[in-house]
Amino acid sequence: MIRENQKILNRLQVVLDLLILTAAMVVAYYIRFANYTGGHLELPYYLKTLYLLVPLYFLLYSFFGIYEPKRRKNHMKEISGIFKANVSGLIILMSTLFFIKEVDFSRQVFFYFIVLNCSLTIGERLLVRGILYRIRSKGYNKKFLLIIGAGSLGRKAIRKIRENKSMGYEIIGLIDDQVARGKRIEGIEVIGEISQLEEVLDRHTVDEIIIALPLKEYDKLRIVIRKCEKCGVRTLIIPDYTRYIPAKPAYDELDGLPLINIRHVPLDNLFWALTKRVFDIIASAIGLLICSPLFLIIALAIKIESPGPVIFKQIRVGMNRKNFTMYKFRSMRIQTEEESSTQWTTENDPRKTRVGCFIRKTSIDELPQLFNVLKGDMSLVGPRPERPYFVERFKEKIPKYM
């Protein structure tokens, strides 16, 4: 029954999406031309673009996972998918019109269309989620869940399910070899051992099984999965080794062999890396242009107060553990390389000059780092680059520092 409901809901959402697509085009047209008296294409011409947009958006929404079951899906990921699909749709539509030399369509109408379609589709999804939440909170449209493993991982799964009631899960019991039958864990009864799994599935209605076995019991996984597959029950595994992984993992493969990349770095993606770099170049260039008069004033004040260079240079550790020279306005009297590389600056540090106190308090001394950003040594948004001496100390003492 649950699967039939899901099919009905998916079909309903496809119909709603198509209606929103049409409504967005009509409204976008009237926003642009309601009070316009000049020559322009009539509404039927814009509606003809739906012959392309309807199948295109169905494919894009499917590609970005908009029609996947939403019980365990974060609503922000769904919103992100809708936005990506609409941007992709606009690019494809505009490219198609360009190549077939249809130049009379108003680009403004299509811009309004994308904004409206995004807004209405997101609103519709949030409304559907709200309705489903109310239905599930009254005990309808539930999925019955069996958890295999009553240890710390199983208990954590129980708590997460209770904290997210909108998912609509009801736990029918626990299966565990180490805990006596009839004992209650987090209020859920242990109803059998792994050897009795098939009997339990025969006696109870089970929509999904969560395997939450500890690492020491992973030798039982093969048996558990075989029995679940034999009974045709959807099975999910909570890997116990994730507590040892230092960052959000990414999943990869080596010629079909699954791999877990324990450090997922978004900037490994060429598009995001290029976007960030372009932003850094433009923002740092604008910042340097705006701050150039201030640079002259600060440089003059530093030079008048104490002898030495205006710019203080120091080796810092950057991306991929590479050293680079970082620039700052000099705020202290000249000191040895060892002092500047291994000593912290204190609040009332006697090495600071009067100008230095002011520029450090206002963070003006950091502005020359815009040159580092422009060069690519640093980024406007990123972790603080530290001195090599302290990096070596921190990585030993601070978990996940690197």
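Me: What makes a helix crossing left-handed or right-handed?
Reply: A crossing is left-handed if the near helix is turned anticlockwise from the far one by less than a right angle, and right-handed if clockwise. Helices here are DSSP runs of H or I with at least four residues, numbered from the N terminus.

Me: Which crossing do α3 and α5 have?
Reply: α3 passes α5 in a right-handed crossing. This is a predicted model, where local features need pLDDT of at least 70 and side-chain atom pairs count only at pLDDT 80 or more, while totals for chains, interfaces and linings use all residues. Residues are numbered from 1 along each chain as its sequence is written, and side-chain values use heavy atoms, without hydrogens and water.

Me: Which residues meet there?
Reply: From α3, Leu 53, Tyr 57 and Tyr 61; from α5, Phe 113, Ile 114, Asn 117 and Thr 121. Contact means heavy atoms within 4.5 Å.

Me: New topic. How many residues are in the largest nonpolar core?
Reply: 28 residues, with Met 25, Tyr 46, Leu 53, Tyr 57, Tyr 61, Phe 110 and Phe 113 having the most contacts inside it. Such a core is a set of buried (under 20% relative accessible area, 1.4 Å probe, protein chains only) Ala, Val, Leu, Ile, Met, Phe, Trp, Tyr and Cys residues joined through side-chain atoms within 4.5 Å.

Me: Which helix gives the largest share of this core?
Reply: α1, with seven residues.

Me: And what is Phe 110 in contact with?
Reply: Leaving aside neighbours within four places in sequence, Phe 110 is in contact with Met 25, Tyr 46, Thr 49, Leu 90, Leu 93, Met 94, Leu 97 and Phe 105.

Technical notes: Helices (H or I, at least four residues) and strands (E, at least two) are DSSP runs, numbered from the N terminus. Buried means under 20% relative accessible area, exposed over 50%, partly exposed in between (1.4 Å probe, protein chains only).
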